[in-house]
Amino acid sequence: MNRTQPLVLGIESSCDETGVGIVRGTTLLTNTVSSSMDEHVRFGGVIPEIASRAHLDAFVPTLEQALSDAGVALDDVDAIAVTSGPGLAGALMVGVCAAKALAVATGKPLYAINHLVAHVGVGLLDGAGGGRHDGTAPQLPENLGALLVSGGHTEILRINSITDDVQLLGSTIDDAAGEAYDKVARILGLGYPGGPAIDKVARTGNPKSIRFPRGLSQPKYMGTAEEPGRHRYDWSFSGLKTAVARCVEQFEARGEEVPVADIAAAFQEAVVDVISSKAVLACREHGIKDVLLGGGVAANSRLRELTGQRCASAGIRLHVPPLDLCTDNGAMVAALGAQLVMAGVEPSGIRFAPDSSMPVTSVSLPA
């Protein structure tokens, strides 16, 4: 196997995107994604059974398209990488079973990797915006942090080694940010997915019109740098969602028109304010000088703007990959798989099972 510039096929099926990506070392050859989002719109959220069936239908065509676009054959591949968790159990099973079948059929080594760490690994692809360059292959900066914001996860990580040492600094204790967006969009009648809808409407609203709560930001949760509180770097969005619902009910009870744009703007400001402030705090207190922003909510214009401003004020460099590499995709899985191959990490084999609650500290599953 080529361990200097391995050709790696990556498979992603943790939620509603069927992704197949192919990289050679740190060079992206193709990133092919088939999304079932349109099938979930009428339900206002992802339905696991529908997502799983969509993966079954989409996998082979997506794989064939990726191989064609990259101009390679399965026999050319050095290794296969697949998301083994976290994610929806049934959706993960489809991707893992497909990857195992390919590994058995081709005799290629198989790596079972962590979906969340893969969001960071995508920053190592040429031109993805996360790495530093020394004239050869891109490398992740030292003292790197990662802020992952999506429909299923809101977490701040410290990346000591992309292949074997990832530390969780803080996370949401209830709803993820993207999940809160979807629920509030439903309350406001804006449809699904909620992130883009609220982001668009909020541009015409006044974010200061209503002061919504910033969860876990009170002194009893924060503590001090010397004696940090239990939830110093954690988030909570369930109370914010409830506050929006009560606000809408109050306008309706008074017979007044609900100011949707203002509520959307105020809600969004509450989310991005607490996310960016806690992320920057965690970075400052852990000596982190570079932060990679990833996940589907990284597409949110206000989150990118405010996080960028606060990072700049704190002397922290913010790295944001292209939007199509921020959302779930096979390229990020292949990118992390290539790093594991180049680091000499042994493959996982085919005896592993997908883990819907795989901890972020597990970069890949051992054989």
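Visitor: Are Y181 and F267 buried or exposed?

Guide: This is a predicted model. In it, Y181 is buried, and F267 is buried as well.

Visitor: How is a pair of aromatic rings described?

Guide: Two quantities describe such a pair: the distance of the centres and the angle of the planes. Here, a search of the whole structure finds one aromatic pair. Y181 and F267 form this pair, with 5.1 Å centre to centre and 75° between the planes. Planes over 60 degrees apart count as edge-to-face, so the pair of Y181 and F267 is edge-to-face.

Visitor: Which parts of the chain does the pair link?

Guide: The pair links distant parts: Y181 lies in helix α5 (residues 177–187) and F267 in helix α9, 86 residues apart.

Visitor: At what angle do the axes of α5 and α9 cross?

Guide: They cross at roughly 175° and come within 11 Å. The two helices are therefore roughly antiparallel. On the α5 side, A177, A180, Y181 and V184 meet F267, Q268, V271, V272 and I275 of α9. By class, that contact has eight nonpolar residues, one polar and no charged.

Visitor: How do α8 and α9 pack?

Guide: Helix α8 (residues 238–253) packs with helix α9 (residues 260–285) at an angle of about 165°, the axes being 11 Å apart. That angle makes α8 roughly antiparallel to α9, and the crossing is right-handed.

Visitor: Which residues meet there?

Guide: L240, V244, C247, V248 and F251 in α8 meet I263, F267, A270 and V271 in α9. By class, this contact comprises nine nonpolar residues, with no polar and no charged ones.

Note on methods:
Residues numbered from 1 in each chain as written. Predicted model: local features only at pLDDT ≥ 70, side-chain atom pairs only at ≥ 80, totals over all residues. Heavy atoms only, no water. Axes fitted to C-alpha atoms, helices over the stretch in contact; angles between N-to-C directions. Helix = DSSP H or I, 4+ residues; strand = E, 2+ residues; numbered from the N terminus. Parallel < 35°, antiparallel > 145°, perpendicular 65-115°, else oblique. Left-handed = near helix turned anticlockwise from the far one by under 90°. Contact = heavy atoms within 4.5 Å. Nonpolar A, V, L, I, M, F, W, Y, C, P; charged D, E, K, R; others polar. Phe/Tyr/Trp six-rings, centres within 6.5 Å; stacked < 30°, edge-to-face > 60°. Buried < 20%, exposed > 50% of the residue type's maximum accessible area, 1.4 Å probe, protein only.
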